[in-house]
Amino acid sequence: MRFSIFAQSGAVALALALSTGAASAQQYPTRQITMIVPFSAGGPTDTVARLVAESMTKDLGQTIIVENVGGAGGTLGAARLAASAPDGYTLLLHHIGMATSDTLYRKLPYKTLEAFDYVGLVTDVPMTIVARKDFPPGDLPGLISYLKENADDVNMANAGLGAASHLCGMMLLSALETPIQTIPYKGTGPAMTDLIGGQVDFMCDQTTNTTTQINGGTIKAYAATSPERLAIFPDLPTMNEVIPGFQAGIWHGIYTPAGTPDEVNRRLSASLQKALTDPNVVTRFAELGTAPSTAEEATPEALKAKLEAEVALWRPIIEAAGQYAD
Amino acid sequence: MNIFDNLILGFQTAATPENLLFCLAGVLLGTLVGVLPGLGVTATIAMLLPLTFQLGPTSALIMLAGIYYGAQYGGSTTAILINLPGESSSAVTAIDGYQMARKGRAGTALAVAALGSFFAGCVSTLLVAIFAPPLTTVALKFGPAEYFSLMLLGLVASIALAHGSILKALAMVVLGLLLGLVGTDVFTGSERFIFGVREFADGLSFVALAVGVFGVAEILRNLEDEKTRTVLQTKVSNLWPSKEDFRRMAGPVLRGTGIGSLLGILPGGGAILASFAAYTVEKRISKHPEEFGKGAIEGVAGPESANNAGAQTSFIPLLTLGIPANPVMALMVGAMIIQGITPGPGVAAEKPDLFWGLIASMWIGNLLLLLLNLPLIGLWVKMLTVPYYILFPIIMAFCSVGVYSVNGNAFDLYSICAFGLVGYLMLKLKCEPAPLLLGFVLGPMMEENLRRAMLISRGDPTTFLTRPISAGLLIATVLVLLVVLLPSIRKRREEVFQEED
């Protein structure tokens with residue numbers, strides 16, 4: 001209450017100070033903002049979005065409501081943003097799928113690298129390579145040699161085309177240069193169920209999905225895919241230690257439609273940077289096994305560079321796997 | 001060891017005035033939204049989820065669980081009163097429940113549904129409390145091969161859902177299977193039957209299909225001729241079930257509770273089969289199979305009990321493993337994560353008050369629902385006396401809002417219109433929508449599990465016979481087929497139809 005009065009008086013003061021015209025960007029935002037999440041409510045991306053949106057609301061003085069526009073691997077939500085007015089009142093929080101769908105989907109209704117403006121990176125969720133709890137290999141080098149020797153007998157689960165686990169799996173197989181049978185599921189839940197039940201042997205998935213199961217002893221972890229060891233699992237080696245250069249993370253970013261005024265993107269970026277230092281956001285992110293992006297990463301430039309690099313990174317991997325989502 | 005200590009802790013947590021209030025608010029909200037046709041449980045929870053973010057974790061989960069059962073009760077209400085199931089399980093209730101309503105026994109049907117659900121809720125809550133960990137172990141034994149065999153059994157048994165020609169029922173199952181193929185192939189990413197419409201990439205909407213073939217078709221039929229508006233014209237007789245009704249519902253409620261509790265623990269579609277399986281069983285063992293489809297009280301009592309029992313036991317995989325058994329449970333996982341609780345094997349030990357409080361609140365929620373719904377029955381039944389020219393547009397508006405709210409996708413609205421016409425055509429051809437819905441729901445899951453099992457076995461089909469649980473289910477499937485095809489039984493069916501003619 002006190003805050004909103006403050007915000008209102010601030011806006012009034014601003015309006016008075018800046019005599020006429022050109023003030024629209026400075027006054028932004030003057031009404032409610034919609035943040036599109038291209039996945040269903042309650043999922044990991046939705047959780048990230050709601051935590052950030054709640055914190056940014058405090059800073060912007062306008063409510064950010066999260067709208068879940070799920071379907072077609074997140075491309076329906078991205079298409080919705082591409083068709084929205086570039087006024088800063090419609091945002092999109094999307095993950096790595098923004099980059100991979102450019103290759104996975106051959107008939108997108110928007111051009112990934114042209115249709116959007118950028119606010120900044122939000123977080124980069126690390127992945128873990130996990131297996132059923134009675135899987136024979138004892139450590140990471142053991143796992144790699146076991147997979148190479150038993151390539152015909154092991155099964156690797158993933159949560160469907162374009163899912164984090166699918167991307168990480170493709171990267172792993174391409175690094176091992178070993179073809180392994182993949183067993184696709186519709187979502188992480190069923191894939192994890194069958195991993196716990198020992199129906200499949202191993203998978204690679206985000207810490208948001210694996211941390212509690214690893215801690216509960218229902219599955220075992222072999223490696224993290226982050227450049228550094230994870231704070232929550234300091235004894236867990238990284239893939240990087242065994243296969244130099246191997247790293248995969250599910251990075252999340254906030255986008256606006258192309259043509260959004262630069263001041264608006266800057267204002268949102270500043271607000272995002274503040275949100276990412278909000279103790280509540282930091283704590284909740286830590287519980288999910290991830291850390292907020294730094295202030296340098298939460299900028300339009302960093303997200304633009306990341307998206308361009310990742311589109312280029314994944315194109316050959318996806319094309320080599322020959323799997324498309326349409 | 002101290003199951004009683006745990007339950008006492010649970011009731012202490014759940015019975016604080018604050019939590020009781022949220023439980024009541026949950027079931028009330030759930031019932032209200034569930035009664036709105038077209039709004040299924042998943043849509044309801046998805047929309048109300050943000051409301052709970054401001055509450056404490058225990059209160060939030062108690063309220064969400066309340067919305068879950070509440071919406072299920074509400075969904076049955078519309079299935080019975082206006083033939084509008086909000087989800088697959090109440091599609092079965094609609095078969096006999098709506099016929100009871102047309103005979104002026106809407107009140108009885110609603111009371112039977114409420115009482116049966118309450119009983120099932122009590123038993124399955126106790127099951128969750130006592131057997132959660134061992135039951136989880138059983139559920140984990142179900143791999144792709146077992147699920148395939150289970151779904152095959154379900155599909156074969158679903159033919160018994162029909163009260164007309166077996167051939168037509170089969171045709172409807174197959175049509176449902178075909179409609180279920182629309183979308184993106186999970187395994188290769190190929191698009192199937194989507195005709196360039198990106199909105200169809202994730203398949204047709206179940207809610208749009210159900211609302212169309214059940215609801216819109218029924219409305220069209222009613223508009224056809226003033227005189228066939230049976231629901232309105234029949235005087236609504238006594239609201240409370242008679243002694244005879246109670247006698248007839250006892251067995252179905254007990255069996256439904258058992259079936260529902262067992263199938264509910266299977267993550268990945270077990271619960272969907274519960275109400276269908278209960279209906280099939282009741283019809284098979286009934287002394288009056290000819291009454292099924294014409295307002296048999298057993299056809300409401302069995303599936304409703306199974307449905308509610310399954311709803312409760314589907315919490316088992318969530319609470320013991322952190323695995324969501326269905327989309328609603330996936331939303332609950334989201335709610336827990338946002339509340340800072342990571343659902344998983346550790347929840348019972350780390351947060352005993354939350355774990356047991358939630359279980360105790362299930363029972364309290366069911367009691368509240370019974371107390372809430374029994375007096376409301378009179379009110380719901382009065383809804384039927386609202387003139388149709390007012391009721392129809394309202395129903396259609398709510399259906400459309402409900403369906404649109406699920407994905408914010410205008411294509412789902414066109415789907416309702418298209419499926420409404422399909423449903424009307426089916427009514428004219430005397431084909432029934434329930435087997436179609438079952439085929440639609442089970443088909444894609446069956447295909448997925450079949451292909452997954454074959455991938456794991458490297459293309460060896462004997463995997464279905466060498467895995468004991470799968471083999472047992474396949475044997476049961478053969479038995480059901482034999483029963484359907486056995487000459488004496490077929491003769492009995494024919495006699496039944498002659499009587500009808």
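Of the 326 residues of chain A, 53% count as buried, a residue being buried if 20 or more other C-beta atoms, placed from the backbone, lie within 10 Å of its own. The model is predicted, with local features needing pLDDT of at least 70 and side-chain atom pairs counting only at pLDDT 80 or more, while totals for chains, interfaces and linings use all residues. Residues are numbered from 1 along each chain as its sequence is written, with chains lettered from A and ligands numbered from 1 in the order of writing.

Chain A contains 13 helices and 9 strands. These are DSSP runs, numbered from the N terminus (helices are H or I, at least four residues; strands are E, at least two). The C-alpha atoms of chain A fill a box of roughly 75 × 40 × 30 Å along the principal axes. Among contacts in chain A with a separation of 6 or more, 77% join residues 24 or more positions apart. Two residues are in contact if their C-beta atoms, placed from the backbone, lie within 7 Å.

Helix H5 of chain A spans residues 97–104 and is mostly covered. Of its 8 residues, 8 are buried. They include Gly97(A), Met98(A), Asp102(A) and Leu104(A). The cover over H5(A) includes helices H4 (75–82), H7 (164–176) and H13 (300–321), together with strand E3 (90–95), of chain A.

Chain B has 23 helices and 2 strands. Buried residues make up 57% of its 501 residues. In chain B, 79% of the contacts with a separation of 6 or more involve residues 24 or more positions apart.

One helix pair in chain B is described here. Helix H9 (residues 206–224) of chain B packs against helix H19 (residues 411–428) of chain B at an angle of about 55 degrees, with the axes 7 Å apart. H9(B) is therefore oblique to H19(B). Angles under 35 degrees count as roughly parallel, over 145 as roughly antiparallel, 65 to 115 as roughly perpendicular and the rest as oblique. Axes are lines fitted to C-alpha atoms, for helices over the stretch in contact, and angles run from 0 to 180 degrees between N-to-C directions. The contact of H9(B) with H19(B) has 15 nonpolar, 4 polar and 2 charged residues. Ala, Val, Leu, Ile, Met, Phe, Trp, Tyr, Cys and Pro count as nonpolar, Asp, Glu, Lys and Arg as charged, and the others, Gly among them, as polar.

Methods: A residue is buried if 20 or more other C-beta atoms lie within 10 Å of its own, exposed if 12 or fewer, and partly exposed in between; C-beta atoms are placed from the backbone.
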